[in-house]
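Work through the two exercises below with the sequence and the coordinates at hand, and compare each step with the solution that follows it.

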Amino acid sequence: MARDKTAAINRIMNHDTLTLLRTKAKIIRKDVMQMLHYAGSGHPGGSLSAADIVAALYFHEMRLNPKSPNWPQRDFFVLSKGHSCPVVYAALAESGFFSKDWYNGLRHINGALQGHPDRKKTPGIEFNSGSLSQGFSFGLGRALAYKHTKDTNRVYILMGCGEQDEGQVWEGAMFGAHYKLNNVLAIVDYNQLQSDDTNDHIMMLKPLAEKWRSFGWNVFEIDGHNMEQILGAFADARGIRLKPSVIIASTIKGKGVSFMENVPKWHGSLAPTADELKLAMAELDNDQ
Amino acid sequence: MSTESLRVAFGQSLVRLAYKYPNFVVFDADVAGGTCTHFFRNDFPDRFIQCGIAEQNMMSAAAGYSLSGITPFVTCYAVFASMRAVEQARNSVAYPDFNVKIVASHVGLDVGPDGVSHQALEDLAIFRAIPNFTVISPADEREVLQATEVMLRTHGPTYMRTGRSPVPDVTPADYQFKIGKGVVLKDGSEVTIVATGIMVHRAIAAAQHLKNDGINAKVVNISTIKPIDRPLLQQCASHSRFMVTCEDHNIYGGLFSSVLEAIADAPVPVYPVAVRDCFAESGEPLALAQKYGISEADIINLIKSKHN
Ligand SMILES: Cc1ncc(C[n+]2csc(CCOP(=O)(O)OP(=O)(O)O)c2C)c(N)n1
């Protein structure tokens, strides 16, 4: 856990910020439920587990310009666990990159919101992820180029814990450390579930933080649903020299919708029915 | 009359064959629910090898495992089997000629809403280009079961694609799948429709429709893409005014290419129903088939336009 957390929190955080971000996270979760219901298929669990992190990135941490998605000074976000794109679509729409009217086209023919991200079809999407772990390498390459062109943009890459099974993640981990990409902040949505079952049952992942440390990364371990801890790690990562950083964010798959929480089948591909949607919305509304 | 998806048919075939053939195992990369190997995992956990989301390691590990004499099925989505782990399939499996059976779900536009990243439109072309590989693309539940059993009885690297949407039975009850053998499913005289996989039932429906228009089309199911049934195709070529190929695959390197190569010296035109070298998008499989030109109507319209 970050030593300078309190200082960082005091510097950047006040009560209003935290309230705003919690509200945004709630809106994102509700929008995710709504659009997946329209779609009739997709991946709810990993979208909900990442909602607080994504809210903090889009409404606090990253420099973005919704009116000009390709603004050269923007920070660069890659959703490497591409199946969780509803959570990013919700953040993009809520930020004003496109209208929420687009939600009902998710996963439907001629829709702008694809089942996995498509940079040509959706404003604000940087990479066509969907094949796990390619987004991570893509983000590292972008970050290396920012270094070469002396640009100060930061690169944020969101990965899944199941995704850590891929060898490419560890090829990238070596690459990031080798090139001292301190403009990279990777985040692992550590919900301990993957497609069929828990990490422990599918492929032992522990000790994850030690793996990243031994690969030369600066590691933060936080509660990925605690806004103070998320912002604290974001702030601390900016001060790291000579190393890339990774946040291992402990989360709950399906967070916020009780019947989805920690239930493997809600990984997907599965969408809430009308009744389930009503239930989910009511729970999200009553939260806090 | 069943309307099972080919992936469910494969999953059930593994379970049915498991008792008769104690000497095979199934490798998975955390997609058992998608490939339908979960049936086998539930019934035969000791013969199920979970590799995590790491397809390349799975492919080479299966090659090593095969030296035991126990046959490994390597199962995952076709994009990952045929592209992510293809170099392992070539150098770890095909080159040393190991007895590894790769069976992949999520093929073609039939994948639907998951979109382009998961729609394998290149898998037949890719595996066909690798020496020692047999490439199978079955059309219905019966053919999946028989092909799976034949794979177990035949040595050598093999790739088979399944599918996501339910498909009706197209083969007759007394059908016997043989590697390298095509089969005439409907007789006809002027036109031959050569189809593979989920396109076979569309081809049969199209041929029935065309009968009402006075066009008598033969339908051939080519379920072994490699080695392809050259004698049958040459015979069809010599008795047809023209031929049409139907595949849920890119136009390059799949069935169309295979048929053209097989009958290169025949003076008969061959027209493709295939995806026209583009990436598609998310959508329901039937809507995608219509938009990207591989629906039943596309087969009918093509044949009508060439028939006059
Ligand atoms: C290379 C690759 N292999 C397999 C898949 C199929 N797949 C999609 S999501 C998923 C599980 C991902 O688990 P995790 O990274 O933990 O994501 P989360 O639990 O956060 O949704 C799998 C196996 C894929 N998309 N890409």
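## Exercise 1: a sheet in chain B

Solution. The model is predicted, with local features requiring pLDDT of at least 70 and side-chain atom pairs pLDDT 80 or more, whereas totals for chains, interfaces and linings use all residues. Residues are numbered from 1 along each chain as written, chains are lettered from A and ligands numbered from 1 in written order, and side-chain values use heavy atoms, without hydrogens and water.

Next, the open sheet of chain B has 7 strands in the order 3-2-4-5-7-6-12, with mixed pairing. Strand 3 (48–50) and strand 12 (224–226) of chain B are at the edges, each with a single partner strand, so one side of each lacks a neighbour in the sheet.

## Exercise 2: lining by class

Task: state how many nonpolar, polar and charged residues line the largest pocket.

Solution. The lining has 13 nonpolar, 18 polar and 15 charged residues, where Ala, Val, Leu, Ile, Met, Phe, Trp, Tyr, Cys and Pro count as nonpolar, Asp, Glu, Lys and Arg as charged, and the others, Gly among them, as polar. Helix 2 (32–35), strand 4 and helix 5 (78–84) of chain B each contribute at least two residues to this lining.

Notes
Pairing = 2+ DSSP bridges. Helix = DSSP H or I, 4+ residues; strand = E, 2+ residues; numbered from the N terminus.
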